[in-house]
Amino acid sequence: MVGQEIGAETTVEDILARHPNAATVFVARRMHCVGCEMARFDTVAEAASIYHQPVDELVAELRRLSAPPREPRAAADTGR
Amino acid sequence: MADAAAGWSAAGEATLAVLRHSRLFSHLPDAVLRRVALEMRPRRVRRGAFLFLEGEPADALNVLASGRVKVVRETDDGREVIIRLVGRAEIFGGAGGWGEATYPASARALEDAVVLRLPADRFADLIQSEPAFAAAVVAELAERLREAESRIRELQTERVERRIARVLLRLANKTGRRTEAGIEIGVPLTRQDLAELSGTTLSTASRTLSHWDEQGIVAAGRERVTIVRPHDLVSIAEELEPVEGGPPA
């Protein structure tokens, strides 16, 4: 799963299984999702609702932390 | 030691008024109350000053006459934790009365305050010489004991509820499926099953489940349990603080 495939309806468990570093987002926002028994069922939208977090911001942050690092441009590409 | 604060003479009306409002002294006959009042040593303290420190010899029982006081303890890493806030006519440092060797906590003035102190030896004399006073002390200690026992029962109940909640959540995680009503646990689960899995009695498991059903946290059929509000159950299981910032989801 690439960062962009994370959406509001993705479950917490799915995100954490494929991108463990996404845990930092939940922890920083004081959300108890990491290790929660309901992570299999709770979507990002549901977790956002429970913890009063803006869902769009949360999704964006999760995508940012889950996206693979950008490849550096090859020298030839920069020629105009 | 500060001089007796103006207006707070030992047997003055102000002192008597405060004592009449305190739980320990309020039911004493007037004559006995006046005798107690005569033994009081008023003391003025500035905001921020300590009245006594945790571990110091408990040499007096204190009654707050005016101002505000907090009872505090220091944690291992040096932070101050408030045990309780003391209001007017409330007793603190009772250890100094009922014969404990040291104060179990410190007391600090939140604002300028006047405290009435009953020295431990005066307290002991009153116990010996005034049956009404001795009876009042017994009643006060009985009340504190009831409060402590009630708190112990609460803690025991909380522990059992946490265990039951955790069992339900683990089962839901491993076997659950989403339905319109919530997360349905995928195995038949009788009250007896739940009781034994949670290490409690059938009656406690039953009562707890019914209570949560009434609150809409679960929907508990005869053998089917559905978790309607998963986060509420998680909050119980993990003792989570209520979430700040807005109405519950």
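Start at Glu239(B), which sits just after H7(B) and takes a positive phi of about 50°. What you're looking at is a predicted model, where local features need pLDDT of at least 70, side-chain atom pairs count only at pLDDT 80 or more, and totals for chains, interfaces and linings use all residues. Residues are numbered from 1 along each chain as its sequence is written, while chains are lettered from A and ligands numbered from 1 in the order in which they are written.

Now step back into H7 itself, residues 230-238 of chain B: seven of its nine residues are buried, leaving the helix mostly covered. Buried means that 20 or more other C-beta atoms, placed from the backbone, lie within 10 Å of the residue's own. Among those buried residues are Pro230(B), His231(B) and Leu233(B). And what's doing the covering? The cover includes H3 (44-50) of chain A, along with H4 (131-175), E10 (183-184) and E12 (225-227) of chain B. Two residues are in contact if their C-beta atoms, placed from the backbone, lie within 7 Å.

That brings us to where the two chains touch. Chain A puts 10 residues into the contact and chain B puts in 16 residues. On chain A's side, five are nonpolar, three polar and two charged. Ala, Val, Leu, Ile, Met, Phe, Trp, Tyr, Cys and Pro count as nonpolar, Asp, Glu, Lys and Arg as charged, and the others, Gly among them, as polar.

Next, find the sheet in chain B. It's an open one with four strands in the order E1-E8-E3-E6, paired antiparallel. E1 (41-45) and E6 (91-92) of chain B are at the edges with a single partner strand each, so one side of each has no neighbour in the sheet. Strands pair if DSSP finds at least two bridges between them, and two bridges join E3(B), residues 60-66, to E6(B). Look for Asn62(B) there: it stands opposite Phe92(B) in E6(B). Helix H3 of chain B (residues 120-129) packs on this sheet, touching E3 and E8 (113-119) of chain B.

Last stop: H1 (residues 13-21) and H2 (residues 30-39) of chain B, which pack at an angle of about 115° with axes 10 Å apart. H1(B) is therefore roughly perpendicular to H2(B), a label for angles of 65 to 115 degrees. Leu16(B) and Leu19(B) are among the H1(B) residues that meet H2(B).

Conventions. Axes fitted to C-alpha atoms, helices over the stretch in contact; angles between N-to-C directions. Parallel < 35°, antiparallel > 145°, perpendicular 65-115°, else oblique. Buried ≥ 20, exposed ≤ 12 C-beta atoms within 10 Å, placed from the backbone.
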